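Here are my notes on this model, point by point. Please keep the structure open while reading.

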Amino acid sequence: MKIATIATTDTHTPAVIARYKELVRRLKADPDLLIMYCSTDYNISEIIKEIKKITPETSLHGGTSCSGVMTELGLASENDQGLAMLGIVDTLGRYGVGSAAIDDDPVKSAETAIRRALENSDCPGEVPAMVWLTSSPGYEELLLKGIGNVLGEDVPIAGGSSADNVLNGEWKQFTNEKIHGNGLVVSALFPSTEILFAFHSGYEPTEAKGIITKAGGFEATDNKGIATKANKRTLMEIDGHPAAQVYNNWLGGAISEEIQSGGQILQQTTLHPLGRIAGHIGNVPYYQLSHPESITDAGGITLFSDIEKGDEIVLMQGTIDSLVTRAGRVAASALEANMAEPEEIAGALVVYCAGCMLTVRDRLDEVVDSFRQALPGVPFLGTFTFGEQGCFLNGENRHGNLMISVLLISKDTY
C-alpha cells in the first residue's frame with residue numbers, strides 16, 4: 001500500500017499535469033485509484049484527458065470543493081482556487097469507480113452507479129470494505145438508500161456533497177469517462193489493508209429542544225407552479241408553532257430581520273445548527289446535524305438535510321475553537337476506535353463542511369495542523385463540501401451538515 005498527495009493553486013492545465021506526473025513519480029507506479037478535488041475554476045475535461053494519456057488504466061474519482069482544498073502540506077487556496085490529488089497504489093487490492101446522472105429516481109441512480117463501480121473493480125456481486133461517495137447536493141439520503149439496496153446496510157459509506165464557491169450550482173462530479181453537474185460518483189474499495197473511519201461534529205447540545213409537528217412542503221417544478229416533487233427539507237412547525245419564530249427565540253432574536261424579509265440565514269446559523277440524536281455511546285448521545293438555510297414565506301426553515309414529522313430536534317452550539325480543534329480529534333477517534341497508531345496509516349481522506357470552513361477561514365492553517373498532529377507524516381486530502389456522509393458508531397450510514405468525515409487506510413492488515 002502506497003499513498004501520496006499533490007496540490008496546486010495554479011489553474012492552468014499544464015501546471016496541474018506537471019504535478020500529476022510528480023505524484024506518479026512519488027508513487028513509483030500508476031495509481032490504482034486517483035481521488036481529485038478542486039475548486040470550480042479548473043478545466044476538468046482537459047485535465048482528465050491529459051491524465052488518461054499518462055496513466056490510461058487509472059480509475060479517477062473526483063468532485064469540486066468550496067474555495068480550495070487541503071493536504072498534509074497545507075491549505076491550497078489562493079483567490080478561492082485550489083486542486084489536490086491523492087493516489088493509491090495497491091497491487092493486491094481492487095478499486096472500481098462508477099457514476100450516474102441523478103434523474104427523477106435518485107435511488108435508482110445510486111443503484112446504477114454502485115453496480116458500475118463493482119463491475120469496474122471486477123467484483124460484481126461482492127461486498128466492498130467501504131464506499132466513497134461524491135454527489136451533487138440535494139438527494140443524499142436517497143442516494144445512501146440506493147447504495148444500501150445493492151450492498152446491504154452493513155457496508156460503511158463516507159464522502160461529501162460537491163460544492164462551489166458561492167452556492168450557485170456550479171459544482172461537478174466526475175470520473176475518467178463522465179462529468180456531471182447533477183450526479184453521483186461512487187468508488188467501491190476492496191483494499192488489501194484495513195480501513196478505519198469516523199463521523200462527527202464539533203457541536204454540543206443546548207437545553208433548547210422541541211418536536212417537529214409539521215415538515216415537508218412541496219417544491220414547484222414546472223412553469224404553472226404545480227407542486228410536482230415532495231420536499232423533505234422544510235421544517236415548518238416546532239411544537240405547533242412556526243419553526244422560524246421558535247428557532248429565532250432560541251437564538252435570542254438573531255434572525256429577526258430575515259423573518260420579516262425572508263432570505264438566506266446560512267452565515268447566522270453555522271454555529272447553531274439543529275441536531276437529532278443518531279445513537280448513544282453508553283448513555284451519552286451523539287448527533288446528526290442539519291444546517292438551516294433560509295426562511296420561507298410561510299415562516300418555515302429550509303435545511304440541507306431531510307427531517308421528519310415527530311423527530312425531536314435540539315439546538316446545537318459550537319465555537320470557532322471547537323470547529324478548529326475538532327478536525328484532528330475526529331481523525332484521532334478513528335485511530336482510538338481501532339486501537340491503531342498514526343504510523344500504521346498509509347493515507348487519509350477528509351471531508352470538512354464548507355460552512356465550517358468559511359466560518360473558521362482565518363484559522364484554516366490551524367485546522368490543517370490539527371490533522372497533522374493527529375496523523376503526523378500521513379498524506380491526506382481534504383475537501384470542503386455542501387453536505388457530509390459517514391458511518392456512525394452504531395453502523396448506520398447517514399447524511400448530515402456541518403460534520404467531519406474521515407477515512408483512514410492502513411499500511412498493513414491487522
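1. Start with a helix pair. Helix α8 passes helix α10 in a right-handed crossing. The helices, like the strands, are DSSP runs numbered from the N terminus (helices H or I, at least four residues; strands E, at least two).

2. On provenance: this is a predicted model, where local features need pLDDT of at least 70 and side-chain atom pairs count only at pLDDT 80 or more, while totals for chains, interfaces and linings use all residues. Residues are numbered from 1 along each chain as its sequence is written, and side-chain values use heavy atoms, with hydrogens and water left out.

3. The pair geometry is as follows. The axes of α8 (residues 320-337) and α10 (residues 364-374) come within 7 Å and cross at roughly 20 degrees. So α8 is roughly parallel to α10 (angles under 35 degrees count as roughly parallel, over 145 as roughly antiparallel, 65 to 115 as roughly perpendicular, the rest as oblique). Axes are lines fitted to C-alpha atoms, for helices over the stretch in contact, and angles run from 0 to 180 degrees between N-to-C directions.

4. Which residues of α8 meet α10? They are V324, A327, G328, A331, A332 and L335; their partners in α10 are E366, V367, S370, F371 and A374. Contact means heavy atoms within 4.5 Å.

5. Now α4. Helix α4 covers residues 140-151, twelve in number, and should span 16 Å at 1.5 Å a residue; its end C-alpha atoms are 17 Å apart, which agrees. The expected span is 1.5 Å times one less than the number of residues.

6. The buried residues of α4 include L143, L144, I147 and L151 (buried is under 20% relative accessible area, exposed over 50%, partly exposed in between; 1.4 Å probe, protein chains only). Among the elements that the buried residues of α4 pack against are α3 (106-120), β8 (130-135) and β12 (183-190).

7. G152 follows α4, with a positive phi near 90 degrees. G152 is partly exposed, at 29% relative accessibility.

8. N79 has a positive phi of about 55 degrees and is exposed, at 67%. L167 has a positive phi of about 60 degrees and is partly exposed, at 29%.

Methods: Left-handed = near helix turned anticlockwise from the far one by under 90°.
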